[in-house]
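Trainee: I should like to go through this structure with you, one point at a time. May I put my questions once we both have it in view?

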Amino acid sequence: MFRAGFRWMFLILGTAIGAGYASGREIWQFYGEQSALAIIFFTFIFIICCYIIMKISYEKKAEHFVPVLKELVGEKVSHVYDVITILYLFSTTVVMLAGGGATLELFTIPFWWGILIFGFLLVLVFLWNINGLISINMAIIPALIIFLTTVLFIFLSANGKEFSFILHEQGNWPSAFTFTALNILPLVAVLGAIGKEMKSKGEAWVASIGSGLFLGFITFVYNEALIEVAQEIMLYEIPLFIIMKNFPYVAVFIMSILLFGAIFTTAASGLLGLSTRFKDYLKMPLWMISILLILLMVPFTTFGFSTLVSILYPLYGIANLYLLAVILLYPIVNR
């Protein structure tokens, strides 16, 4: 149970810790000053949501996200959320594909060749179906978490940061709900695809609690570091590099590789959600569906990374507050 639970935990973390999160842009979009209580709320809400989604997926023995949506919002509304989820997964994966191509440009690889290499690596993952994605997450995510938290703690201690919590100054607590809502769609999409693979509900508890606590802790520390550099954030595409501007070049280089890994795991999670969704229609293995989807996405890769994070993400977050409310009320309504 624990071993399988940890596998799903890294799948959840790989889905949630995407490029927008790891770069700091997404955290700053929703949190900032007066946000400690919001992050505590987020941790608890995230754990509850992950468990409920995994529980439904397990009970339905789901192979894609539609059965989970139908159970949560009903037959009619599920069609609307089906379209929203497909659009969300498609748009975010397009941006990750573009981000992968742009990152490889740093190694003097032309943008379109970079996208081709990135797409080829994504297809390779799906030769092993879901197990391929889990293996990649278990390799990349622990390294990213360890390195990122080390960097953040070094930065905070160098700046003499002292953590404090004053309850009456925690005015930003509602952002816990919009930030969780942002993460709900990809979670439903990915966790909706693993129901048939799960052996017990205990796996859901291990994965949900583990991923929630990890994510809550990292978000709090990251947010505290970003508050320290708040005046400069608008000048940088990737806020993390403001925090690292006095670090040795080798540390920045390693972090760049890990950010590339975060872009990759987000793209892979998006492709998993989309591929499993269309598998019944196309009657093909996941890797072949991935090729078709990537070819469809390539023409859209000229849109900017920061544009999506700053405009589309908050809109998706607000649109999905209803889905979040339904998930949180699910245990009460279906007692």
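Trainee: Is Lys 61 buried, partly exposed or exposed?

Mentor: Please keep in mind that this is a predicted model. Lys 61 sits in the loop between helix 4 and helix 5. Its relative accessibility is 40%. Because buried means under 20% and exposed means over 50%, Lys 61 counts as partly exposed.

Trainee: What is the phi of Lys 61?

Mentor: Most residues other than glycine have a negative phi. Lys 61 is not a glycine, yet its phi is positive, at about 50°.

Trainee: In which loop is Gln 34 found, and what is its phi?

Mentor: Gln 34 belongs to the loop between helix 3 and helix 4. With 43% relative accessibility, Gln 34 counts as partly exposed. Although Gln 34 is not a glycine, its phi is positive, at about 60°.

Trainee: Which backbone oxygen does the side chain of Ser 35 reach?

Mentor: Ser 35 is placed in the loop between helix 3 (25-30) and helix 4. Ser 35 has 2% relative accessibility and therefore counts as buried. At a distance of 3.1 Å, its side chain reaches the backbone oxygen of Glu 33.

Trainee: How many salt bridges are there?

Mentor: Side chains of opposite charge can pair when their charged atoms come close. The rule applied here asks for a side-chain nitrogen of Lys or Arg within 4 Å of a carboxyl oxygen of Asp or Glu. By this rule, the number of salt bridges is six.

Trainee: How many residues apart in sequence are the parts that Lys 201 and Glu 59 tie together?

Mentor: Lys 201 and Glu 59 form a salt bridge whose closest N and O atoms are 2.9 Å apart. Lys 201 lies in helix 10 (residues 201-228) and Glu 59 in helix 4 (residues 36-60), so the parts tied together are separated in sequence by 142 residues.

Trainee: Are Lys 201 and Glu 59 buried or exposed, or in between?

Mentor: Lys 201 has a relative accessibility of 33%, which makes it partly exposed.

Trainee: Which helices does the salt bridge of Lys 60 and Glu 71 tie together?

Mentor: The closest N and O atoms of Lys 60 and Glu 71 are 3.2 Å apart, and the two residues form a salt bridge.

Trainee: Where do Arg 277 and Asp 82 lie, and how many residues separate the parts they tie together?

Mentor: Arg 277 forms a salt bridge with Asp 82, with 2.7 Å between the closest N and O atoms. Arg 277 lies in helix 12 and Asp 82 in helix 6 (residues 75-105), so the parts that the pair ties together are apart in sequence by 195 residues.

Trainee: Are Arg 277 and Asp 82 buried or exposed?

Mentor: The relative accessible area of Arg 277 is 8%, and Arg 277 is buried. Asp 82 has a relative accessible area of 10%, so Asp 82 is likewise buried.

Trainee: Which residues do salt bridges with shared partners join into one network?

Mentor: The salt bridge between Lys 201 and Glu 59 has been described above. Salt bridges that share partners give one network, and its members are Lys 55, Glu 59 and Lys 201.

Trainee: How far apart are the end C-alpha atoms of helix 12?

Mentor: Helix 12 (residues 249-282) has 34 residues, so at 1.5 Å a residue it should span 50 Å. The distance between its end C-alpha atoms agrees with this, at 47 Å.

Trainee: On which residue is the kink in helix 12 centred?

Mentor: The kink in helix 12 amounts to about 30°. Just after this helix, Lys 283 takes a positive phi of about 50°. The kink itself is centred on Thr 276.

Trainee: Which helices each supply at least two residues of the nonpolar patch?

Mentor: The nonpolar surface patch covers about 920 Å², and its residues include Phe 120, Trp 128, Trp 287 and Met 288. Trp 287, found in helix 13, counts as partly exposed at 31% relative accessibility. At least two residues of the patch come from each of helix 7 (111-125) and helix 13 (286-297).

Conventions
Residues numbered from 1 in each chain as written. Predicted model: local features only at pLDDT ≥ 70, side-chain atom pairs only at ≥ 80, totals over all residues. Heavy atoms only, no water. Patch = residues over 30% accessible without salt bridge, like charges linked within 9 Å, V, L, I, M, F, W, Y side chains within 5 Å. Areas by Shrake-Rupley, 256 points an atom, 1.4 Å probe, with all protein chains shown as cover. Helix = DSSP H or I, 4+ residues; strand = E, 2+ residues; numbered from the N terminus. Buried < 20%, exposed > 50% of the residue type's maximum accessible area, 1.4 Å probe, protein only. Expected span 1.5 Å × (residues − 1). Bend = angle between axes of the 7 residues up to and from the residue. Polar contact = N/O pair within 3.5 Å; in protein donor to acceptor, adjacent residues only side chain to side chain.
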